[in-house]
Amino acid sequence: MMKKLRKGIFPSILCGVFSTMVLPGCTGNRSAEVDRMTVDSISMDTTVYLDKENPESPTCQIKINFTYLKSAEANDSLTGVINKVLEEAFSSAHTGAVSPESFVASIKESLSNDYLRDVQTPYQTDVKNGMKADEIPNWYNYEYEITSKLTEGKDSVWNYVVTTYENTGGAHPNTWSHWVNVDVTSGKSLSKKDVFVKGTEEKICQLILPQLLAEANEKLNTDTLTCVAGLQDVGLLLETDLYVPDNFLLGKDGVTFLYNRYDIAPYYMGAFELTIPYQDIDAYLIKK
């Protein structure tokens, strides 16, 4: 099931139809093209049965919400450029689709095919060998959820967040995010080299470390972590030194850095989102 979501006066009535909301404006100069852009999204929620003839068979739940831009101008090249960046961030393997609808449909088709390829043969073998319904292992059930959000960031930057939840029969499900900053004036995705002054990574890490210590103390309900060695004692930074991650957002009040599960810490500690106020990090940002 695929539908476009509308935010308006009567969202419960309008669910499933096309609509848009005005994209939050930039705090810097706005162009006429930007004023014509609106945020839209496509949602899909579908169930894939391992055995189409048996509704009691294991399933794969697939939920997708892709946020993108629309423009009042049919030939608005900037909107097209930005949407390519958003598609790349959402699912790089499926970029180049003729429409947002076909982009989402291609992701759904790929996930469905992967599920059937991975588990259909062993499932059919187990059924043939007499496996009963109450004996079906839970790992035959998969679940995917990919969501996205586009919000206003610093000056002429928009923040795009893509979050993926995946449960594919392993020891536990996993969740991770991909963050992108888009320069609204050019449509370009901003990488670390576009934002941070060259040679300042060590200084930025010195700003991140106190935030990491505070967050780790909070997660572990303690106040004893005061240095890198302490973090290592509880499982952080065992396989890597502290670094400036590719996942960061130029928000309204500061730069937020994301370390997904496993990036610097074990699974049970989850992700770390650490914000440095602009007044502290401004000296290390490239000025336009």
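Which residue's side chain does N65 join in a polar contact of 2.6 Å? The partner is S43; a polar contact here is a pair of N or O atoms within 3.5 Å, where within protein one must be able to donate a hydrogen and the other to accept it, and residues adjacent in sequence count only if both atoms are side-chain atoms. The model is predicted, with local features needing pLDDT of at least 70 and side-chain atom pairs counting only at pLDDT 80 or more, while totals for chains, interfaces and linings use all residues. Residues are numbered from 1 along each chain as its sequence is written, and side-chain values use heavy atoms, leaving out hydrogens and water.

**The whole chain**
- The protein chain comes to eight helices and 10 strands, which are DSSP runs numbered from the N terminus (helices H or I, at least four residues; strands E, at least two).
- Of its 288 residues, 40% are buried, meaning under 20% relative accessible area (1.4 Å probe, protein chains only).

**Around N65**
- You'll find N65 in strand β4, residues 59–71.
- N65 counts as buried because its relative accessibility is 15%.

**Helix α6**
- Helix α6 covers residues 201–219 and has 19 residues.
- There's a bend of about 30° in α6 at I208, with a proline, P210, following within four residues; the bend is the angle between axes fitted to the seven residues ending there and the seven starting there.
- I208 is also one of the buried residues of α6, which include L212 and L213.
- Among the elements covering those buried residues are α7 (228–233) and β9 (254–259).
- Just after α6 comes N221, with a positive phi of about 55°.

Key
Buried means under 20% relative accessible area, exposed over 50%, partly exposed in between (1.4 Å probe, protein chains only). The expected span of a helix is 1.5 Å times one less than its number of residues. Contact means heavy atoms within 4.5 Å.
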